[in-house]
Amino acid sequence: MAERTWLFAAVLLAGTLQAAAAPVDADGFKHPLDSLRLNTDRDQREFERASLAILNVQDPWERWNRRVYHFNQRFDEQVLLPVVRGYRAITPGFVRSGVHNFFANLAEIPSLLNSLLQLRGRRALDTGTRLLLNTTLGVAGLWDPASRMGLPRQSEDFGQTLGAYGVPAGPYLMLPVLGPSNLRDAGGQLADLLAAERIDYLNVATASGAHPEISVLKAIDKRDGTPFRYGQLNSPFEYNKIRYVYTRARQLQIEE
């Protein structure tokens, strides 16, 4: 980080010194970029390495994680996205919206539990109110009247709960199909899943056991609602950037 800052400072200083001798128009406007020159003593590869240093994250299993990342990319492009496109083609928009609201309403259960575990009374009250309104007025969650009433969805998971109590994130971990995570959050996802099955709100967990198509529909809806697409960063360092953004986003969620 310090080396990266030094490199940019050197470039800026060189530009400033060159700008002093730059030609000046009649109106006083200078053209500093015309005489700007990069410090040729620095190798381009060294500059790139310094620029990427900020993206470093604890990743001792990087070799394995990169393999899973490339598997996820191929699986997403060859399986998930074609299924999502077919789902959109044959399913009316209002039906997709209802499906999304239904599964989002079920997700309020672990969110409520984790808000209580974190002793966030106001957030737990808001989430509990959302759950009640959307389950009743929203007909089992097919509609989302709570948001219209000024109660936005607030997601809390067990990984955030562990982080709030000081449990370190641990090594970065790329999960098959599920995507970026870390050791703490992966355990948190499992805990949330077990809690949802244990509570069995609206008898969905039991019904999913007898009708696996419910779980398939949930996975399709989740991918449909995720705007990320592999390759959209248009960068050979996409893995590094995703790793950094995920890690930083989780830190901000915990500190919120």
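Contact is taken here to mean heavy atoms within 4.5 Å, and the structure described is a predicted model. Helix α6, spanning residues 121-136, has 16 residues and reaches 22 Å from its first C-alpha to its last, which is close to the 22 Å expected at 1.5 Å a residue. The buried residues of this helix are R123, A124, D126, T127, R130, L131, L133, N134 and T135, and the elements that cover them include α4, α5 (108-117) and α7 (145-148).

The axes of α4 (residues 93-106) and α11 (residues 213-224) come within 10 Å and cross at roughly 105°. Because angles of 65 to 115 degrees count as roughly perpendicular, α4 is assigned as roughly perpendicular to α11. On the α4 side the contact is made by R96, V99, H100 and F103, which meet I214, L217, K218, D221 and D224 in α11. By residue class, the contact of α4 with α11 divides into four nonpolar, one polar and four charged residues.

Aromatic pairing was examined next, with ring centres required to lie within 6.5 Å of each other. By this rule the count comes to six aromatic pairs. In one of them, the rings of Y69 and Y239 have their centres 5.6 Å apart and their planes at 80°, so the pair is edge-to-face. This pair links distant parts of the chain, since Y69 lies in helix α3 (residues 62-90) and Y239 in helix α12 (residues 238-255), 170 residues apart. Y69 counts as buried at 5% relative accessibility, and Y239 is likewise buried, with a relative accessible area of 3%. The rings of F102 and F103 have their centres 5.5 Å apart and their planes at 70°, so this pair, too, is edge-to-face. F103, which takes part in the contact of α4 with α11, is buried with a relative accessible area of 9%. Y69 and Y239 also belong to one aromatic cluster, which they form together with Y172, F228 and Y230.

Helix α12, which holds the buried Y239, also contains V245. At 52% relative accessibility, V245 counts as exposed, because the exposed class begins over 50%. V245 and P180 are 65 residues apart in sequence, while their C-alpha atoms are 9.8 Å apart in space.

Key: Residues are numbered from 1 along each chain as its sequence is written. This is a predicted model: local features need pLDDT of at least 70, side-chain atom pairs count only at pLDDT 80 or more; totals for chains, interfaces and linings use all residues. Side-chain values use heavy atoms; hydrogens and water are left out. Rings of Phe, Tyr and Trp (its six-membered ring) pair if their centres lie within 6.5 Å; planes under 30 degrees apart count as stacked, over 60 as edge-to-face and the rest as tilted. Helices (H or I, at least four residues) and strands (E, at least two) are DSSP runs, numbered from the N terminus. Buried means under 20% relative accessible area, exposed over 50%, partly exposed in between (1.4 Å probe, protein chains only). Axes are lines fitted to C-alpha atoms, for helices over the stretch in contact, and angles run from 0 to 180 degrees between N-to-C directions. Angles under 35 degrees count as roughly parallel, over 145 as roughly antiparallel, 65 to 115 as roughly perpendicular and the rest as oblique. Ala, Val, Leu, Ile, Met, Phe, Trp, Tyr, Cys and Pro count as nonpolar, Asp, Glu, Lys and Arg as charged, and the others, Gly among them, as polar. The expected span of a helix is 1.5 Å times one less than its number of residues.
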